[in-house]
Amino acid sequence: SMLKWLLAFIVVVGLIAAGLPPVLGMVYEQQVTAQFENAPRNPVLEIRLADYQRGLYESSGTVVFSLTDEYLDNLEAQLVAQEQADPQTPVTAEAMDLLGFLSGDVTLSFDVQHGPILTGEDPATGLAAFRTTLSPDDGRFAEFQALADVPFLFWLDGTVAFDGLTDFTGGMPAMTGADSDVSFDFSGLDLAGQYDVGQRALQMDGASQSLLVEGPGVLMEFNELTLASSTTLLDEFIWTGDSRLGLGEFALTSKAAAEPVSFVARDAGFLVSADANEAGDRLDLALEYFVGSASGGPDVDLTDMALGIRLSNLDVGGYTQLVGKVQSMDTSTPAANETAMQELMPIITEMLRASPGIELSPVRFISQGESFAADLQVKFNAEDLDEAAFDQLAQNPALAIAAVSADGKMQAPETLMKQWVANSMRTNLKQNLPPDSNLSDEQVAQAAEAQAAMTIETMVAQGMIERSDAQLRSDFIYADGLLTVRGNVIPLGGP
């Protein structure tokens, strides 16, 4: 009868529903362990799956984060070298205490619910659902958690679809606390995103309303922090795509002086963008820092500040080697630094074969209503060096100059340029005054200002700088060993 068939169908579905979670749990465990086993080695940060306990319907485990021994040894060597170089400034107990703190492990615990039926606030179907929390049992993080009086310091919830696509939400809880020196009030952090394990692609957004930190004589406020990232892991250290970190307002108030001093920056942040070519062996990397406005005291009144840095035609393999080597190398002594440079030069030489370039643009700001703008492009032209020259670059880096070309331009208010030149000359004059000099600081400043005005007038007369409406402009080109400034060839000396 129809009833028997219906009951049979229900029994079969029930058996499948009961039997699938252990199977899916095993599949998910294999995926997790494979990700940790196949993860590229990082010379700074080690991430390992310390424990995984698979059950029939649920699993649990721990992931441990720690700085690598070689990186910690390098940090300690730097501190020791600093003390040896300047015995009058010994390494503080706080610095060694911080090193000890960094030497510890950070352990995240997680719980996994096996699919295909995922229960919770938002029931769904999938391979698994997980919840990860940071709630240490001891150490500095445990002390901070107790001070903040929160159940955990960080959390991450997510569901893993059958195709490996992971949707997640997470963040940090709101927390408030104080000890004998510092108090803080944090609104919390919210995160949400998606990770595609097959494509190694991560999309994530985050936001935090406010953080207030007050210490002896100092008050810091961070408001409207935002994060947006859409990236794909290309290589060991390289994520392609775009990331943006924004800060609506940062305020710093110093109460140490008789009159409180405040500094405020608004609409600040930075952008990072990385694009690889189709073959995946060349990379363009761009960074831009920006501040909408900054003010504080009588001299700081800046708006529309931006600094852009673009690296082009980077050899991906060489860049990965370079980053790994720089992060782990020992530069604590002159001898160690020389050895490190000898190890880096062959990597840099190979990277130069890709004809890399660097561009600074935009470089701009408005100070008290007057605009400054500049840009600079530098390129290494590998075709200008023969194979014999490349073979000698590691021993004689100066040979690379023959393959460098550059150009740039600048526009600045004359008042600002005079101030910069005068500051430089004042510093130089002070350093070169004889010990028995009777010149006061005011006299040195007056002499520097006079020399600065004369220097600018001379450069205008020579055609190196153009003056127009209280603005100074100039441009230059460097190519084939010749430097040309506004059409004037500048002798560089040498053979």
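Predicted model: local features only at pLDDT ≥ 70, side-chain atom pairs only at ≥ 80, totals over all residues.
Local features need pLDDT of at least 70 and side-chain atom pairs count only at pLDDT 80 or more, while totals for chains, interfaces and linings use all residues. Residues are numbered from 1 along each chain as its sequence is written, and side-chain values use heavy atoms, with hydrogens and water left out.

A search of the whole structure finds 12 salt bridges, each a side-chain nitrogen of Lys or Arg within 4 Å of a carboxyl oxygen of Asp or Glu. In one of them, Arg467 meets Glu414 at 2.9 Å, N to O. Because Arg467 lies in strand β21 (residues 466–468) and Glu414 in helix α8 (residues 414–432), this pair ties together parts that are 53 residues apart in sequence. Helices (H or I, at least four residues) and strands (E, at least two) are DSSP runs, numbered from the N terminus.

Arg467 also forms a salt bridge with Glu457, at 2.7 Å, N to O. Glu457 lies in helix α9, so this pair joins parts 10 residues apart in sequence. Salt bridges that share partners link Glu414, Lys418, Glu457 and Arg467 into one network.

Buried means under 20% relative accessible area, exposed over 50%, and partly exposed in between (1.4 Å probe, protein chains only).

Elsewhere, Ala394 is found in the loop between α7 (387–393) and β20 (404–413). Ala394 is partly exposed, at 27% relative accessibility. Its C-alpha atom is separated by 8.8 Å from that of Leu344, 50 residues apart along the chain.
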